[in-house]
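Here is a brisk report on one protein chain. Start with the sequence and the fold below.

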Amino acid sequence: MKDLIKKGQGKKILLMLLIIFLIYYVQFHRAQIMSVFHIKKSLAGKVVVIDPGHGGIDSGAFHKDGTLEKNINLLISLKLKRALELEGARVIMTRTKDESLDARNNKSSSRHRRDLIERAEIINNSGANIFLSIHVNSEKGAPNVRGPMVFYYRESYESRRLAEILQKHLEKAYISSGQRVPFRIPYPNSSLFLLCNTRIPGVIIEVGFITNSQDRQLLKTSDFQELISGEIKNALIEYF
Ligand SMILES: [Zn+2]
């Protein structure tokens with residue numbers, strides 16, 4: 001009888017020790033456990049402005065088959081927004097539908113300039129960590145020129161670092177789709193309005209060329225838009 005009680009107590013003590021051990025283990029290995037179970041999202045606490053280029057009256061680049069840059073910009077941007085939010089980022093969009101932003105201010109007589117001023121102001125008032133302006137490139141008379149290109153403000157080291165990581169990941173999206181695109185280094189710039197008039201790190205991403213038939217066909221598919229936004233998300237995880 002005595003032995004039975006002793007055995008029972010022994011089990012209880014063992015169980016308590018096990019619980020104490022587990023509590024300490026979880027305390028000291030919290031970060032690893034959370035990352036294994038993806039509890040802490042990789043972009044938690046980060047704020048990103050996504051600027052889908054053009055919109056409304058301004059279609060941006062276009063092709064005679066009816067492809068409009070503004071639509072591709074918006075579709076990729078909306079997919080990117082979802083991808084970043086799933087990783088815990090807060091996303092601010094300059095537009096979420098087919099509209100231009102020129103009617104929101106009267107700071108210039110040029111419609112195009114008013115549109116860009118508005119985008120720069122959204123970025124500058126956002127309190128965001130970075131901004132990404134999404135565009136499709138065009139090179140008339142050079143239908144073979146293709147692939148992604150990233151532009152950054154020449155004087156901004158952080159923008160350059162962001163641009164380099166993005167360029168690498170965008171090329172990865174093309175390569176994983178079986179495409180041959182040239183490897184590029186991002187382009188420093190000191191004349192594009194958005195790059196010169198914003199106060200946080202950011203880049204202009206040209207996701208491909210509307211004037212190249214392979215790029216154009218790819219960029220119109222939902223799958224490739226998803227792939228591009230997924231690689232931009234991966235680039236941001238690497239950047240932060
Ligand atoms: Zn554009």
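The UniProt annotation "domain: MurNAc-LAA", from an unreviewed entry, covers residues 120-237. UniProt positions follow the numbering used here, feature names are shortened, and annotations may be inferred rather than shown by experiment. This is a predicted model: local features need pLDDT of at least 70, side-chain atom pairs count only at pLDDT 80 or more, and totals for chains, interfaces and linings use all residues. Residues are numbered from 1 along each chain as its sequence is written.

Over residues 120-237 the chain is 43% helix and 20% strand. The end C-alpha atoms of that stretch are 24 Å apart. Helices (H or I, at least four residues) and strands (E, at least two) are DSSP runs, numbered from the N terminus.

The domain assignment gives domain 1 (2-36) and domain 2 (47-239). Such bounds come from an automatic or database domain assignment. The two centres, taken over C-alpha atoms, are separated by 53 Å.

Next, the helix packing. Axes are lines fitted to C-alpha atoms, for helices over the stretch in contact, and angles run from 0 to 180 degrees between N-to-C directions.

| Helix pair | Angle | Axis distance |
|---|---|---|
| H3 (residues 69-86) and H8 (residues 222-239) | about 45° | 8 Å |
| H5 (residues 157-175) and H8 | roughly 145° | within 8 Å |

H3 and H8 are therefore oblique to each other. Angles under 35 degrees count as roughly parallel, over 145 as roughly antiparallel, 65 to 115 as roughly perpendicular and the rest as oblique. The crossing of H3 and H8 is right-handed, meaning that the near helix is turned clockwise from the far one by less than a right angle. On H3, the contact residues include Leu75, Ile76 and Lys79; on H8, they include Gln225, Glu226 and Ile228. Two residues are in contact if their C-beta atoms, placed from the backbone, lie within 7 Å. By class, this contact has eight nonpolar, three polar and three charged residues. Ala, Val, Leu, Ile, Met, Phe, Trp, Tyr, Cys and Pro count as nonpolar, Asp, Glu, Lys and Arg as charged, and the others, Gly among them, as polar.

H5 and H8 also cross in a right-handed sense. Among the H5 residues that meet H8 are Leu162, Ile165 and His169. Their partners in H8 include Leu227, Ile228 and Tyr239. This contact divides into 10 nonpolar, two polar and three charged residues.
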